[in-house]
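Morning, everyone. I have one model to show you today. Take a look first, then I'll go through it.

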Amino acid sequence: MPAAPQPARIMPWLLWTGALGLLTAAIALGLVVGTASYAQLQVLGQLPYHEFQYKILKLALTPDRLALLRALLVGAGVAGLLGTVVLHQQFQPAHGLFQEARLARRRFASWFRRQPKPEKHWAAVLLGLVLAARLWYLVSYPLSTDEMASHDFFAQRGPLTVTTYYPIPNNHIFYNLLAWPLAAAGLPALLAMRLPSLLLGFVGTALGYVLLARIAGARLALAVTGLVNLASLWVYYAMAGRGYFLQIGLLQAGFFATVELLQTPARYTRLAWLAFGISSVLGLYLIPSYAYPLVSLGAGLGLGFVWQRRWQALGQLVVVAVFVGLITVLLYAPVGAVSGWERLLHNPYVAAKTPAQFWPTYRAFLYETAATLFGPSLRVSGPVWLALALGGGMVSAYWLKKGHASLRIAAQLASLLLLMPLLLMVLQRVYAPTRVLLYLTFFGYLLGMLWLQRLPWERYIQARWQSPLLLLLVVSIGSYRLYENRSQVQALRHETQQVEAAYRWLRSQPQPVGQPARIWLHAIIHELFFLHYEQQEPAGRRDRLASQPATMATGGYDYLVIGRRPEDRKLPPPPPQYQARYHDDLVTIYQLTVQPNQHDR
């Protein structure tokens, strides 16, 4: 068996890989942004988007900023090219990577052949059921407003818009780039936005099962994969066109790479650093909130290397962190140049709270979030999260035998991943949304299953029945959770049907002669959906939509669409020249009656 690579030979390879990554990012952005004219970028400042009302973004773009961006891309490309060529000539760094890849392939093939056929069959059944659940959600869950905004404002408009235009945090850049070819091919918004998550997410789920089974055994991987991936929240985000589930797959790649790097000796150092670096950059470019788990993984590597007194490995971590930071900043540079760095760094939906606002409700927030992520009980889920975060890894490592080095590392790292968000939220004084913390479910269940594995199951259940009974239990729990969620799916479908019916009613009314209808809206869901529907109409038949509150009485609109929520009732009543013509559970539509009863239907 080939010997583990020497640390002294790893550093040139890391520098070469980082330079290659910098070169790749510079070339990709150069082709998209570097070739765009100033006039093309200025057009972005005329595009409508929606944030509580219809708006137009005031761009930060200036000729000097565009020139600086182009100089940055050229400089990064030249630096990356020089570094790649010089290091390749001196060290031939790719040879070691290919050697590790061949070794990993042979060892995986050997491990896979040793797995009992029944275990493979149960895993295939579970993965098939997981895919079936996601397909069911794909066709039954209506398109969300977030998915619609991502499609209409970004993915549909092409890579130049996606990489530079950032009016709202909905622009998850890497995911919208994945959805862009499907939108350009004319697929419906539902498929264009959801297929990347469905397909790539399923690949990530299968690889996650395999990697977990390699270090923890097939039964534990079966239990964790089933309990997590058949939870209704995970099934939803696995098909939702937002990118949160791809983030889970990238995090699992980074997690298992970290476990490999912390082993002594590590057999796949180059492969592990490559997986860690690529998953970090893509995760941050996918959604900036990937910084939460990435800080946890980085802290785990740093603490582990210090504990093991591996100072050269600690130096490698510093080099990788520098390159991850440089490449990520380069990828977001077009956003900073065109839309402004403040747009990227200031997220109004996750604003810092004052101490007086944060501390009194922090405990309640943690308990409610834990109940959403781990289970339905507020009273149990919160303390379990805290217990696993504070001591789950140490207890699991103590229970495991000496031969389970990788599993001990995985348990301790999982505990750190559960703990770190608690500290980061305190330091920032923010309440992270549940979707940002979705990954905690996987690591919480991993530690929980390690604890349950300590029970003497062999005394009560024969070995050959353990996997099928475990699969039956996991699928039963998952099915019950999905069945419980059916009322929410039905409510969302009913809501979408009412929005579509309101829009169809408006389109069925006679239009003013020679001009489109002017429609004023004060109903957030309808504002987004109507704008989406209008973009599908022929250019000459599109209505004019507006939502600025000050213009309701003075804009001369043909229709007013006013929501029926309690907060909408604070609006002043419509002017007397408007009469209610349509209403449902969500809105009332008023029509301008210049000539009374002219448009009565």
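Start with a term: buried means under 20% relative accessible area, exposed means over 50%, and partly exposed is in between, with a 1.4 Å probe and protein chains only. This is a predicted model, where local features need pLDDT of at least 70, side-chain atom pairs count only at pLDDT 80 or more, and totals for chains, interfaces and linings use all residues. Residues are numbered from 1 along each chain as its sequence is written, and side-chain values use heavy atoms, leaving out hydrogens and water.

Helices (H or I, at least four residues) and strands (E, at least two) are DSSP runs, numbered from the N terminus.

Now strand β7, residues 587-592. Six of its six residues are buried, so β7 is largely enclosed by the rest of the structure. Val587, Ile589 and Gln591 point one way. Thr588, Tyr590 and Leu592 point the other way.

Next, the neighbours. Two strands pair if DSSP finds at least two bridges between them. β5, residues 559-563, pairs with β7 in the antiparallel sense, over five bridges. There, Tyr559 has Gln591 as its bridge partner. β6, residues 578-583, also runs antiparallel to β7, joined by five bridges. Ala580 stands opposite Tyr590. β6 and β7 form a hairpin, with three residues between them.

Last, the annotation. The unreviewed UniProt entry gives "transmembrane region" for several spans, including 234-259 and 311-333. UniProt positions follow the numbering used here, feature names are shortened, and annotations may be inferred rather than shown by experiment. In the model, residues 234-259 are 85% helix and 0% strand, with end C-alpha atoms 24 Å apart. Residues 311-333 are 100% helix and 0% strand, and their end C-alpha atoms lie 33 Å apart.
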